Amino acid sequence: MRINCPCCGERSLDEFVYYGDADLRRPDPQDEEAGAKFIAYVYERTNPSGFHRELWYHGLGCRTWIVAERDTRTHEIYATCRAVDGGAPEGAAADRERS
Amino acid sequence: MSERDASKEASQSFRVPGMGSIDTTRTITFTFDGRIYEGHPGDTLASALLANGVRLVGRSFKYHRPRGILSAGSEEPNALVELRTGNRREPNTKATTVELYDGLEASSQNRWPSLAFDVLSINQLAGSVLSAGFYYKTFMWPAAFWEKLYEPVIRRAAGLGRAASEADPDSYDKVTAHCDVLVIGGGPAGLAAALSAASAGARVIIADENPELGGRCLAEKRTIDEMPSAVWAKHAQEKLRSTNEVRVLTRTTVFGVYDGRTYGALERVSDHLPVPPQHQPRQRLWRIIAKRVVLASGATERPMVFGENDRPGVMLAGAVRTYINRFGVVPGRHAAVFANNDDAITTIADIQRAGAEVVAYVDSRKELSPAVLAVLSEAGVDAILGGHVESTTGTRHITGATVRTADGEIRNLPCDLIAMSGGWNPNLQLATHLNARPHWNETIAAFVPSALPPGMAVAGAANGLLTLAEALASGAQLGIEAAHEAGRPAVEARSYSTTPEASSIAPLWRVPETKGKAFVDFQHDVTTDDVVLAHREGFAAVEHLKRYTTLGMGTDQGKTSNVNALAIMAALTESTIPAVGTTTARPPYTPVAIGALGGAHRGRDFKPERLPPSYKWAREQGAVFTQAGLWLRPQYFPRPGERDWQETVFREVDTTRNAVGICDVSTLGKIDVQGRDAIKFLESIYINNWGSLAVGRARYGVMLREDGMVLDDGTTARLGEHHFLMTTTTGNAAKVLQHLEFCRQCLWPDLDVQLAPVTDQWAQFSMAGPKSRDLLRKIVDSEFDISDAAFPYMAAGEVAICGGLKARLFRLSFSGERAYEIAVPSRYGDALIRRLMTATEEFDGTAYGTEAMGVMRIEKGHLGAAEMNGTTTAYDLGLGRMMSDRKDFIGRTLGSRSGLMDPDRPRLVGLRPINPKHKISAGAHLLPQKAHRTAANDEGHVTSAAFSPILGHTIALGLLKRGPERVGEIVGVCDPVRGRDILAKVVSPEFFDPSGEKLRG
């Protein structure tokens, strides 16, 4: 597999570490239900078949955390962006519709 | 012809002068089963054996039936030999792909005591017992017999060759390559595609498993652009080799298609030589990233399924043509041809041209086209249309064919060769590696690729275009398209002229009435009866059929057998072939040696070694090294006269505790943290408070995972207002950096903080012991005040040493003694350790290794990887009080879950044996003193243990249920692995200087 790192260009899978769902947001620890929300944040995953926004770490490269939009069935990667930039880049939403 | 004749034949008596394209001017010798034969450069082992009249080359897997050579390529199921000897011995090598070299040694396998007389061939008589599913049914009961009796017997009887018993002496290489267009296969379609793509300026890689490009151009007597096809192929190859940006990889099999347009290929660099040339690997593994791929992998001929079709002398018609046209070897003198398609007709002329007789042409079709009938009549061959070969005669090779004509008449035809063709299967495996299902093509009666992996197009026979004209045209066109899609200019595809050819087929999946075993899968000895049995017993689905009969599971992966088998199953289930479907092809296309996949990563080079700055010096001292992660660290420094490692370690500990010891701590992870929000960042990742840390001071910190378990610990020093230097444990350096980068980039991207790993940039040495400050004074430049008042415990700052070298100084201690750590840029590490060791002589100091460090840290109750094992919380490890309640930090919420605060959880304690002579080892279990030694009574385990020379007995750390509440209690320490069961007292984990007086000085 090849991943397009926004900083380094397309690089081999060997350079990356997989992390998981990119849409999880760390709950507010002050929240009344912080306990339950943290349980969901740390342990509960949907494991979708198809479109998935997920985090990859370019550990053997520039150390950038990357959001990749990947089809879990075909491993096609529609788009990537830096995690610090948050949301999906232009065009990715259309791909999501398509899948 | 009698069976003995073949072995008496003079040297190479089946070689036909003037035929073939190999160099017959040079003669080389080889041995097979100890006998010396001659052949020529360019021969395969199979062609050379056939040239010498050797037909019998192996015994079959299950029935030990005599087997010969079926094919002329990598699909070969029968002619598997052991190649080479000693540590280069290679089992299950296909004689059809082994290139002959002078002095080659090969031997047959799966026979005892000899190939001609094999005791286990009696299995044939027991054939009805050894049918499909035999192992499953027979060796069920009693279970105990399986290991002791059945398996050893089966293993001896079965199995093919023997692997070498010594280490492989050769090396293996790995390469990554990028290209615009990868052409897989160098036959007519592949050559046309590569020429096209190259003409458009594309960067091309063309790979073919043979030593020369050309494919069936070399095996057939055909014409391309008014040239013999072999000559055309030679020109094409030369043209490609001389084109810039074209890489020709011969002896290279593309074996797998992977995600991201990545392709795996194996180049057999030196397999055709006795031993690899100097500095050359045996094989090279290629990872090719290609924008576009033209798959031109050709097709594999199907055998006909009739009685005794496995006897040596029964050969694929295409292979017969290959041996004649490419190698100048005629595999028999009296041949029968048995086919169901037009392509096989050309075999007749080739055999006749080689001076052999075609005794009959048997075609299962009753009616043939006028063009084909004209060819038959011109050849003057006895044509038996609508007939079948039902069986063969002979024992170690065939002596005749039993033929049933269309009117039911039985004719016995004496012959020593049957050239058979059941049609051609496109080699579409690579097109299905990413999970596409092939499509059934009625016209050619075979599966063809349908949905394709991204970027792939299929040309020629691999796409079911079986004639030469179609192969050239599709290759030329797809090569142009691939280059254009890869960003090269569009150019016109050129066309090639060829002579017309007939290619119709009427499938015959099995001969209706046969005598004797009719083999479908030759390698795994699967017969039509086995398929029928599988159907009868309910294993009709293809995936069940495969596993029940082991069909297609040999090293050939059923290249010659799969389609025949599922067509037979389709008939049995009264279904269609596309409805029955086909099994999934997975990489690799042909076997890949594990050595090639491992490449250089074996033995000492399995993982990289990281060497600390004092490594060279430590080696000179005769240090014994240990692995810590990837690092090689000195374990201890033996001195002359010391009896064993323990004596050395005691001396190192004793010297450190009473004078001074020096240890290279450069391997600890170091992360530079800078930014206006650095404090805020540290507050969020450490459980304790950092706001009050002054510039020039260091603090111990503990970080958790978000689930509340301890991730790592270490000290962080504040070097400036917005500048911190964090240390991590040696083994966790990369993991912690990843975690911190995650926090910085994904959780709090708004924080102004930057991270840089600086582990390799600094050489850092610890000086521990009461004399450490005196030693330090010797090297720190005099203008720096390092008195306790100016530089107290946990101080950090910049100094100059040895006359102006800038260094960082920290007053930190892992050993529990007064201790300092001094850091200089890595390049000064070697010089500094030498300077320090010279300076330490006056204090009778020592260097110490990880073993002494381990003893001293256990004496102090400091945590190591055995305690921070991913299942322990801060509370478990006695660090609960460090957890700040004034801020949020990673792991706080889940670390405070009631389950994790349960006092019943195993928690950190110290352990001391009641009898000082008793030893405690890590891994021992802790139980109530008098409880039964059962898992149900388990209350924890010993995590670390060492003999303390200061205390004179073993000390240990452990995790014990309600541990801290039980200080003073006596527990059982049970170590069934080492056969020990002793009593120990639960104590505080701080064995040495609990008040910290020595630390602060």
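## Basis and the fold of chain A

Helices (H or I, at least four residues) and strands (E, at least two) are taken as DSSP runs and numbered from the N terminus. On that basis, chain A comes to two helices and six strands, which follow one another along the sequence in the pattern β-β-β-α-β-β-β-α. The model is a predicted one, in which local features need pLDDT of at least 70 and side-chain atom pairs count only at pLDDT 80 or more, whereas totals for chains, interfaces and linings use all residues. Residues are numbered from 1 along each chain as its sequence is written, while chains are lettered from A and ligands numbered from 1 in the order in which they are written.

A residue is called buried if 20 or more other C-beta atoms, placed from the backbone, lie within 10 Å of its own; by this criterion 22% of the 99 residues of chain A are buried. Two residues are in contact if their C-beta atoms, again placed from the backbone, lie within 7 Å, and of the contacts in chain A between residues at least 6 apart in sequence, 47% join residues at least 24 apart.

## Nonpolar cores

A nonpolar core is a set of buried Ala, Val, Leu, Ile, Met, Phe, Trp, Tyr and Cys residues joined through C-beta atoms within 7 Å. The largest has 173 residues, of which B:Val181 and B:Val337 touch the most other members; helix α11 (residues 468–485) of chain B gives the most to this core, with nine residues. A second, separate core of 103 residues includes B:Val736, B:Leu755, B:Phe765 and B:Val909.

Beyond its neighbours within four places in sequence, B:Val337 has contacts that include B:Ala317, B:Ile348, B:Tyr361 and B:Ala419.

## Annotated domains of chain B

UniProt, in an unreviewed entry, lists "domain: FAD/NAD(P)-binding" at residues 180–434 of chain B, a span that is 22% helix and 36% strand, with its end C-alpha atoms 20 Å apart. The unreviewed entry also places "domain: SoxA A3" at residues 515–598 of chain B, where the chain is 44% helix and 6% strand and the end C-alpha atoms are 48 Å apart. UniProt positions are given in the numbering used here, feature names are shortened, and annotations may be inferred rather than shown by experiment.

## Contact between the chains

The contact takes 17 residues from chain A and 17 residues from chain B. On the side of chain A that touches chain B, the elements giving two or more residues are α1 (34–43) and β4 (51–57) of chain A, and α1(A) gives the most, with four residues.

Methods. Buried ≥ 20, exposed ≤ 12 C-beta atoms within 10 Å, placed from the backbone.
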